[in-house]
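Welcome, and please take a moment to look over the model before reading on.

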Amino acid sequence: MLNLVLFGPPGAGKGTQSEKLIEKYGLVHLSTGDILRGEVSAQTELGKKAKALMDAGNLVPDEVVIGMINNKLESNPNAKGFIFDGFPRTSAQAEALDKLLAEKGTEINHMLALQVPDEELIKRLLLRGKDSGRADDANEEVIANRIKTYNEKTAPLITYYTNLGKYTAIEGVGTIDEIFDRLVAAIG
Ligand code: AMP
């Protein structure tokens, strides 16, 4: 199996590059943000609880997203591998992911971290907010909170994966194809 964590701050290009990677490697794309937005639009109980947190740019509780990932792993028993996009975002999530994968006799192969300067992230997110319909992309204060949350809660995972020898930094500025080529070269 090939299991990748595509890592990076909001606006780094994780969704765009995931689409290209799943096409090339035949992997299953697991984006906790996409799953949560699906719950919000279907107005499920989970979606109703998650919406306020998402709109403010705060994280949804660990046990909620870990449960979602567990369901997706269970419902794809024959997958060639997975791309985790926007997950894990906290140490508790990273530890839970390792445990879930170990129970299935597999593990994360690489954590590929897209590096993009903050000014570029803000520019990209505001541009995306114009037509994505995402409330959390349209407001500069919410964007700032998402970047702050990333720096405080998520960036420490770089150390976690570095200690496991799985961390690779990827320059996340350039054309979509240039960035994709760098990811493919890192996967090897
Ligand atoms: P994203 O599409 O990855 O930018 O996620 C949008 C929003 O969904 C985030 O700002 C969080 O509120 C929530 N979210 C997505 N993934 C996670 C996660 N792994 N842990 C906690 N909250 C998450």
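## The largest pocket

The largest pocket holds about 910 Å³ of space. Of the 46 residues lining this pocket, P10, K14, R89, R134 and R146 are the closest to its centre. This is a predicted model, in which local features need pLDDT of at least 70 and side-chain atom pairs count only at pLDDT 80 or more, while totals for chains, interfaces and linings use all residues. Residues are numbered from 1 along each chain as its sequence is written, and side-chain values use heavy atoms, with hydrogens and water left out.

A pocket here is an open set of points on a 1 Å grid over the protein atoms alone, where a 1.4 Å probe fits and protein lies on both sides within 12 Å along at least five of seven lines; lining residues have an atom within 4 Å of a point. Its volume is the space filled by probe spheres set on the points, which are joined across faces, edges and corners.

Which elements each supply at least two residues of the largest pocket's lining? They are β1, α1 (14-25), β2 (28-31), α2 (32-41), α6, α8 and α10 (176-187). These labels follow DSSP runs numbered from the N terminus, with helices (H or I) of at least four residues and strands (E) of at least two. By class, the lining has 16 nonpolar, 19 polar and eleven charged residues. Ala, Val, Leu, Ile, Met, Phe, Trp, Tyr, Cys and Pro count as nonpolar, Asp, Glu, Lys and Arg as charged, and the others, including Gly, as polar.

## The second largest pocket

The second largest pocket has a volume of about 190 Å³. Its lining is made of R37, V40, S41, K51, M54, D55, G133, R134, A135 and D136. Helices α2, α3 and α7 each supply at least two of the lining residues. Sorted by class, three are nonpolar, two polar and five charged.

## Helix α8

Buried residues of α8 include V142, I143, N145, R146, I147, T149, Y150 and T154. Buried means under 20% relative accessible area, exposed over 50%, and partly exposed in between (1.4 Å probe, protein chains only). Among the elements covering these buried residues are β1 (2-7), α3 (45-56), α6 (118-132), α7 (135-138) and α9 (157-163).

T149 counts as buried because its relative accessible area is 8%. Leaving aside neighbours within four places in sequence, T149 is in contact (heavy atoms within 4.5 Å) with G57, N58, L59 and T154. The C-alpha atoms of T149 and E95, 54 residues apart along the chain, are separated by 19 Å.

## Loops worth a look

Most residues other than glycine have a negative phi, and most peptide bonds are trans. Q43 has a positive phi of about 50 degrees although it is not a glycine. The peptide bond from F87 to P88 is cis, with omega near -5 degrees, and P88 lies in the loop between β3 (81-85) and α5 (91-103).
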